[in-house]
Amino acid sequence: MIILDLSQVMLSNILAQLGNHTNAKVEESMVRHMVLNSIRSYRTKYGNTYGELVIACDNKNYWRRELFPYYKANRKKNIEKSEFDWKSIFECLGKIRQELKDFFPYRIIEIETAEADDIIGSLCMKFGVTEDDWSFEQLDQKPILILSCDHDFIQLHKYTNVEQFDPVKKKKITHNNPKVYLKEHIIRGDVGDGIPNFLSPDNCLVLGQRQKPIMNKKLQHWVKQQPEQFCTELQLRNYRRNEQLIDLSKIPENIYNMIIESYESQNNKKTKDLMSYFMNNNLKMLMESINEFV
């Protein structure tokens, strides 16, 4: 199974087109060609080894924001400050995403309040194999390739049949101890997602306040312990806050179930008239490779 983080691939293509020209107009036809050509390339390169392509999509609403109001709050501010025409960018992304759902044979999963992270995490939990739960029944489990540069997925490398490739830098992402990486991530928080470290209050990043520093020597000591052993009551509350937001095994059960149901319901999804779609969208260069999409 190849699991593609769609938003990341589409955004990287759009930003590559715009370059430093912040006032440049988003050319929908060019973005469509670039996104489809990327998908074609991934299927051609990895399909024989990893099998079917599954596309994971971000929903515009996040369940994590209901749990933690400051989740990704600064991203919205940064978008508002940016000179890029993000309204046009998101409209373009939404249109191409819908076209993929309507015309292509891939399982394309988008769940209300779920992020692509939740979809990728849920599929790895469903089909992943760990050293702890290995059995002869799992010998037929297929390899899984995550196509994303997001290091949050390192925690999923604990599954022995999961690999990750960064399509932007074009290199494999590896880590020698995914479980330690996850624990360090929980302790340190995630500035990009607006999640402070476990020593700092919920709103410190939104307010632009400096977090309480974490010394590396203490960090190396903490990762060997249970949080109850090194946390005060407030710190433990913050640790659990981060754990719920970062650890993909903590995805709410109802969201996990909806993701798996969506995956299973799209079994044997049929291709619609791709030739007409390519012609209507002036994708002449890709028409020569139309068989590589199915």
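Helices (DSSP runs of H or I, at least four residues) and strands (runs of E, at least two) are numbered from the N terminus. This is a predicted model: local features need pLDDT of at least 70, side-chain atom pairs count only at pLDDT 80 or more, and totals for chains, interfaces and linings use all residues. Residues are numbered from 1 along each chain as its sequence is written, and side-chain values use heavy atoms, with hydrogens and water left out.

**View 1. Leu 286 sits in helix α13, which spans residues 284–287.** Buried means under 20% relative accessible area, exposed over 50%, and partly exposed in between (1.4 Å probe, protein chains only). Leu 286 has 3% relative accessibility, so it counts as buried. Contact means heavy atoms within 4.5 Å. Leaving aside neighbours within four places in sequence, Leu 286 is in contact with His 33, Leu 36, Asn 37, Arg 40, Phe 278 and Phe 293. Take Asn 37: Leu 286 and Asn 37 are 249 residues apart in sequence, but their C-alpha atoms are 7.3 Å apart in space.

**View 2. Phe 278 is one of the residues that touch the most other members of the largest nonpolar core.** A nonpolar core is a set of buried Ala, Val, Leu, Ile, Met, Phe, Trp, Tyr and Cys residues joined through side-chain atoms within 4.5 Å. The most comes from α2, with seven residues. Leaving aside neighbours within four places in sequence, Phe 278 is in contact with Phe 104, Leu 283, Leu 286, Met 287, Ile 290 and Phe 293. Apart from this core lies another, of 26 residues, among them Met 1, Ile 109, Tyr 159 and Ile 255. In soluble globular proteins, nonpolar side chains tend to be buried together.

**View 3. Strand β4 is covered on both faces.** Ile 144 and Ile 146 are buried on one side, and Leu 145 and Leu 147 are buried on the other. In a regular strand the side chains alternate between the two faces of the sheet. Two strands pair if DSSP finds at least two bridges between them. β1 and β4 pair in the parallel sense over three bridges. Here Ile 3 has Ile 146 as its bridge partner in β4. β4 also pairs with β5 in the parallel sense, over four bridges. There, Ile 146 has Gln 164 as its bridge partner in β5.

**View 4. Strands β5 and β6 form a hairpin.** Four residues lie between the two strands, and Lys 170 in the turn has a positive phi of about 60°. The pairing of β5 with β6 (residues 171–173) is antiparallel, over three bridges. Asp 166 has Lys 171 as its bridge partner in β6. Four of the five residues of β5 (residues 162–166) are buried, so the strand is largely enclosed by the rest of the structure.

View 5. A salt bridge is a side-chain nitrogen of Lys or Arg within 4 Å of a carboxyl oxygen of Asp or Glu. By this rule the count comes to 17 salt bridges. Asp 118 and Arg 64 form one, with their closest N and O atoms 2.7 Å apart. Glu 52 forms a salt bridge with Arg 107, at 3.0 Å between the closest N and O atoms. Glu 52 lies in the loop between α2 and β2 and Arg 107 in strand β3 (residues 107–109), so the pair ties together parts that are 55 residues apart in sequence. Glu 52, at 31% relative accessibility, is partly exposed. Arg 107, at 10%, is buried.

**View 6. Asp 190 is buried yet has no salt bridge.** Asp 190 lies in the loop between α7 (178–188) and α8 (216–222). Lys and Arg count as positive and Asp and Glu as negative; His and the chain ends are not counted. The nearest side chain of opposite charge, Arg 75, is 5.9 Å away. The side chain of Asp 190 does make a polar contact with the side chain of His 185 (3.1 Å). A polar contact is a pair of N or O atoms within 3.5 Å; within protein, one must be able to donate a hydrogen and the other to accept it, and residues adjacent in sequence count only if both atoms are side-chain atoms.
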